[in-house]
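The following exercises concern the place where two protein chains meet. Please study the sequence and the structure before reading each solution.

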Number of protein chains: 2
Amino acid sequence: MPSAPKKSKGQQAPDRPSRAGSEALLQGVLEGNRTALARAITLVESRRPQDSLAARQVVEGCLPHAGRSIRIGITGVPGVGKSTFIERLGLQLIQQGHRVAVLAVDPSSSLSKGSILGDKTRMQQLSRAEEAFIRPSPAGETLGGVARKTRETISLCEAAGYDVVLVETVGVGQSETAVHGMVDFFLLLKITGAGDELQGIKRGIMEMADAIVINKAEGANLPAARQARGIFENALQLYPPKPGGWVPKVLLCSATEGTGFEAIWNLISEFREMATGSGLLASERAEQNLQWFRQAADQGLLAGFYNRPGIREAYEQLREAVGAGTISPFQAAEELLERWNSPPA
Amino acid sequence: MPSAPKKSKGQQAPDRPSRAGSEALLQGVLEGNRTALARAITLVESRRPQDSLAARQVVEGCLPHAGRSIRIGITGVPGVGKSTFIERLGLQLIQQGHRVAVLAVDPSSSLSKGSILGDKTRMQQLSRAEEAFIRPSPAGETLGGVARKTRETISLCEAAGYDVVLVETVGVGQSETAVHGMVDFFLLLKITGAGDELQGIKRGIMEMADAIVINKAEGANLPAARQARGIFENALQLYPPKPGGWVPKVLLCSATEGTGFEAIWNLISEFREMATGSGLLASERAEQNLQWFRQAADQGLLAGFYNRPGIREAYEQLREAVGAGTISPFQAAEELLERWNSPPA
């Protein structure tokens, strides 16, 4: 959570920004002020209708300055060592002069206590660094809400001068697809050793990966990690080439010992060079944005429809009939839509 | 194409069935009359509004008698030998006393001349058999239209007493997902030998497969086919277990030489026994139907929205703004939906 905002230049920073307030906030973000960035994100995450206009102003003010980072998604099942991995990668990048933002997509964080990034003690060293900005997953939201807010937060971080954005996902559920749709490079973190190294990959995740990194490749674990690398390399061959002809790689690392990170960053840099030079980065991002637009419009429309009085009841009745096999699913859909076209009771 | 309908019991069979006509047609289907079945499918495939009620009556009349088949999806890229495979499998099943319906999902068939199953000479022996019913993909339709019509045709075939339904898909594009959503067992056909045996698997297809069958495993090809089997078996291990704990298998066959088909049918029978005994078959089918219902309703709603005058233009304008990066995709979606909620101009 952001600390209390500093007052700047005699300007009052009200709890609910006025037009002047949101302009000052935007200015702070563009100057790279971490407190202003944290407050701007809080504004974007707010569910209060009265914050909506100011949030929109801040996001739109940031958009022309956004886009200048490499966006990296990191996924892996719990226990794979994601936070140690991110901390180690982040610290290395800071040493090389980068500014690193770490975000998270975890729609479950409001329900469970297992919120990722909710506890900054997980990444103590990185969170103390001036050049890092760590933000937990927005709480109390559906996946759609989390995704929107994280997507807009990426733009805010970029406008604030962070040139590497790491987006962590919890590794279970649907959040991987959402994160895959907002990053340039998608990294799947795995471990080996317990005989279950190959378990728990959700369907479709492996196909999204631009790189698979096998963590905890250290000591007695090393032979098993090397063997797993071979298996993954073979499996990746079964998929068709990715956009731009990128061939996913399998790398080893040890987050606790700090080995393998140079090769990981080299690989990401190689990808970035290829994707920037070929125009792939720009075209993929434009495509992602058009997909978010369409998806958000579709979801808004559908939510409005199914929540309409009369429709919800009709939907449930028709669902029962479909489940009982007394009506074809398509005919049921037609009947539901007929209710929409007839005037509401 | 169905031949001209026989007149039955002095009843005129009009081109556009009356209520009495659709009842006679339904009766013919339930009696297992192939001509009646072909006519009923033509009715279901019709795009003429005046056929809609009769089609609905026939489908609803068939539903209580549907569901008594094993539904098998078969996919594979062109050149893999799908028609020879299906003919061989179909002939074997007929010899064992089954009645076999062969359908196809190919939304491209209206555009290209590569229509699958459009040419019955592809399966000459099978198409001559009394116990087989072969139907090409509905032409001139979107994937959604093809899927709906094929899904309803499955019910018609089952009501007509076909106890094995094979649904072929063209192996490129989105049709695999649609077919996967209407069958009990999904079979991926592969070949080996040309060095490209592992190419051309669309993303996500391998994960859907309940079995992978490597065709043309014959003569000098056999060692390569065996090697490919090992690679696929390793790759399949990387996926989480399927519903009911089913573990996908990799089998070899030669459709031209007729080898391997007993093992293939044994595997499908084993699956069917497991899925029937455990209740998985019934629950998966109910789930599929609910998904078709929701999907058809969603698609109908969205199509109605985006085709509305004013919305289409606003959508295109906002898409441009999103593409240019001057508006957040989410804010663009909100603006689009505001147009919906305001009264039409």
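**Exercise 1.** Determine which kind of interaction joins the side chains of Arg56(A) and Glu335(B).

*Solution.* The model is a predicted one. In it, the N to O distance between the two side chains is 3.6 Å. A salt bridge requires a side-chain nitrogen of Lys or Arg within 4 Å of a carboxyl oxygen of Asp or Glu, so the pair Arg56(A) and Glu335(B) qualifies. Between chain A and chain B, the count of salt bridges is six. Twelve residue pairs at pLDDT 80 or more are in polar contact across this interface.

**Exercise 2.** State which helix of chain A gives the most residues to the side that touches chain B.

*Solution.* Begin with the helices that each supply at least two residues to this side, among them α3 (52–62), α11 (280–306) and α13 (329–341) of chain A. Of the contributors, α11(A) gives the most, with 13 residues. Next, sort the residues of this side by type: 33 are nonpolar, 15 are charged and nine are polar.

**Exercise 3.** Describe the extent of the interface between chain A and chain B.

*Solution.* First, count residues: 57 of chain A are in contact with 57 of chain B. Then consider area: about 5,800 Å² is buried between the chains, and carbon and sulfur atoms give 62% of this.

Conventions:
Residues numbered from 1 in each chain as written. Chains lettered and ligands numbered in written order. Predicted model: local features only at pLDDT ≥ 70, side-chain atom pairs only at ≥ 80, totals over all residues. Heavy atoms only, no water. Contact = heavy atoms within 4.5 Å. Buried area = accessible area lost by both parts, 1.4 Å probe. Polar contact = N/O pair within 3.5 Å; in protein donor to acceptor, adjacent residues only side chain to side chain. Helix = DSSP H or I, 4+ residues; strand = E, 2+ residues; numbered from the N terminus. Nonpolar A, V, L, I, M, F, W, Y, C, P; charged D, E, K, R; others polar.
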